[in-house]
Amino acid sequence: MSATAQQAEQKAVDPALFETVLELIRRTSTILPDDVVRAIETAHATEEKGSNADVALNIIGCNIGLAKDKSAPICQDTGTILFYIHTPVGYDQLALEEAATEAVREATRIGYLRQNSVDSLTGKNSGDNTGPGSPVFHFHQWRKPHVEIKVMLKGGGCENMNAQYSLPHPDLGGRDLAGVENAILDCVLQAQGQGCGPGILGVCIGGDRGTSYAFAKEQLLRLLDDTNTDPVLGDLEKRIVDKANRSGIGPMGFGGKTTLLACKIGVANRLPASFFVSIAYMCWAYRRRGVEIDAASGAAVGWLY
Amino acid sequence: MANYNLTTPLDEATVRSLNVGDTVSISGRLYTGRDAMHHRIHTGTKPPVDLAGHIIYHCGPVMVKEGDHWKCNAAGPTTSSREEPYQWEVMRDYGIRGVIGKGGMGPKTLDGCAKYGAVYLHAIGGAAQVCAQWIKRVDGVDWMDLGSPEAIWHLWVEDFMTIVTMDAHGKSLHKEIFEESKAKLLALKAS
Ligand code: SF4
């Protein structure tokens, strides 16, 4: 595309939507959500003063404050950019996608996002976070009158710690809750501190290999202090966090009481022949935010998280 | 567990006295180096700076040019395990006394630490802004042809906080905690 054509296309996007998504990205990259900050503070209070875990959580706390004050990225790896969007019936989703993509380009130019999108064959960085598969858009319709956009930035270090298990498994167990629990805890064991823990797990039980991972990631949109609507899963979530925190892995894998801040589990139907457990490991730099947008004007009417 | 304030370049005796779990605040020169830089050294190119006694920081910083000097906007550690094939060689051939990174490294590096007198210093993953604050100056850069994140940046740091997770006595906190947590989780296993 020629430079002029590109400029024309840039101008064509809805300016209000563009501004709203740009501000959403700025907030997401630079201000950690309250529920996450609270969870880190609560965890910090349980660690022994002067321990390496205490040192790590101290620095993490300082970092959260500094990033907010400087309006600078909390972590330099601004990760995969994942959009989860709900729109009213009949709404122009393509126009929204174009405005959001343009906002991603601008956020990269400003430095809220790092140049993070690399051609998998040539190794060339696109320089603006766009290209095949990036950013990621998940669109859904709903019968509400407004648009909702949620965005999550998921870093590479923690993404590399994701795991998928197929049950039954010779060491971990069968197609039951015990097998699921052991699989999730094996992921925690293998990850150690490499996903920049304390971590947060999004888990899906079931689905096919692809949808299972996608659904696991969506669990990370839940609030940290919510309660699972299914009491069986709610209990399992608590058990996982409790056992993980008794493993002694601790923040950054230094040892300590806080290995996980939370675990959020969902279920999807599966084929009779398969039973997948997929785990999305999220680092402490758990960046996800949302905005509610007036469908007619494109202006923000409320901020989420 | 002890706390140390050390200034680079480091001598072998000091480095050999460090133990897993110690907190070490580094001041002085740090050189960044990650995948492309290690690969280039591994394939025979001599580093453009004298690395003897120095520490390589596994980091791809975000740098901005202000007038004729560079400013560091974000500089957290990157995953070190990618340098596992090469790191011991850099210890042997160029006398580095340590690396700073995150996630720890494997047996080749641990052996290298013991043989040549070096340590692995763990920075706090994700703490890009705090790390950038500890970087007081950017004094130069080499191998910019590798791209800014992969180049060798000459940083000047003050009280850059790290934790020794692999020492020159053959001990690795990563290995220890893996074994301990494996045993604890095994005892908690559901059936
Ligand atoms: S895992 Fe998270 S905190 Fe760690 S470097 Fe990556 S994005 Fe940053």
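Colleague: Into which domains is chain A divided?

Modeller: Please keep in mind that this is a predicted model. Chain A is divided into domain 1 (3-30 + 74-155 + 287-304) and domain 2 (157-282). The centres of domain 1 of chain A and domain 2 of chain A, taken over C-alpha atoms, are 28 Å apart.

Colleague: How do you know that domain 1 of chain A and domain 2 of chain A are in contact?

Modeller: Nine residues of domain 1 of chain A are in contact with 14 residues of domain 2 of chain A. Contact here means heavy atoms within 4.5 Å. The area buried between domain 1 of chain A and domain 2 of chain A is about 1000 Å², and carbon and sulfur atoms give 62% of that.

Colleague: Why is the pair A:Glu159 and A:Lys154 called a salt bridge?

Modeller: The rule asks for a side-chain nitrogen of Lys or Arg within 4 Å of a carboxyl oxygen of Asp or Glu. For the side chains of A:Glu159 and A:Lys154 the N to O distance is 2.7 Å, so the pair counts as a salt bridge. Between domain 1 of chain A and domain 2 of chain A the count is one salt bridge. The rule for polar contacts finds six residue pairs across that interface.

Colleague: Which elements give two or more residues to the side of domain 1 of chain A that touches domain 2 of chain A?

Modeller: Those are β1 (80-88) and β3 (147-154) of chain A. The largest share of that side, four residues, comes from β3(A). By residue kind, the side of domain 1 of chain A that touches domain 2 of chain A divides into four nonpolar, one polar and four charged.

Colleague: Now the ligand, please. What makes a residue part of the shell around the ligand, and which residues are they?

Modeller: The test is a heavy atom within 4 Å of the ligand. The residues around the ligand are A:Cys75, A:Asp77, A:Gly155, A:Gly157, A:Cys158, A:Gly195, A:Cys196, A:Cys283, A:Ala285, A:Arg287, B:Lys102 and B:Gly126. The ligand lies between chains A and B. Domain 1 (3-30 + 74-155 + 287-304) and domain 2 (157-282) of chain A each give at least three residues to the shell.

Colleague: How do the residues of that shell divide into nonpolar, polar and charged?

Modeller: The shell around the ligand has five nonpolar, four polar and three charged residues. Gly counts as polar in this scheme and Cys as nonpolar.

Colleague: What do chain A and chain B bury between them?

Modeller: About 3100 Å² is buried between chain A and chain B, 64% of it on carbon and sulfur atoms. In chain A, the residues that lose the most area to chain B are A:Ile59, A:Gln76 and A:Phe254, together 21% of what that side buries. The contact takes 38 residues from chain A and 37 residues from chain B.

Colleague: How many salt bridges are counted between chain A and chain B?

Modeller: The count between chain A and chain B is zero salt bridges. The rule does find 14 residue pairs in polar contact across the interface of chain A and chain B. On the side of chain A that touches chain B, α4 (52-70) and α7 (177-191) of chain A each supply at least two residues. The most comes from α4(A), with ten residues. That side of chain A divides into 19 nonpolar, 14 polar and five charged residues.

Colleague: How many salt bridges are there over all chains?

Modeller: The count over all chains comes to 27 salt bridges. One pair is A:Arg26 and A:Glu23, whose closest N and O atoms are 3.0 Å apart; the cut-off is 4 Å, so this pair passes too. Both A:Arg26 and A:Glu23 lie in helix α2 (residues 15-30) of chain A, three residues apart, about one turn of the helix.

Definitions and conventions:
Residues numbered from 1 in each chain as written. Chains lettered and ligands numbered in written order. Predicted model: local features only at pLDDT ≥ 70, side-chain atom pairs only at ≥ 80, totals over all residues. Heavy atoms only, no water. Domains from an automatic or database assignment. Buried area = accessible area lost by both parts, 1.4 Å probe. Polar contact = N/O pair within 3.5 Å; in protein donor to acceptor, adjacent residues only side chain to side chain.
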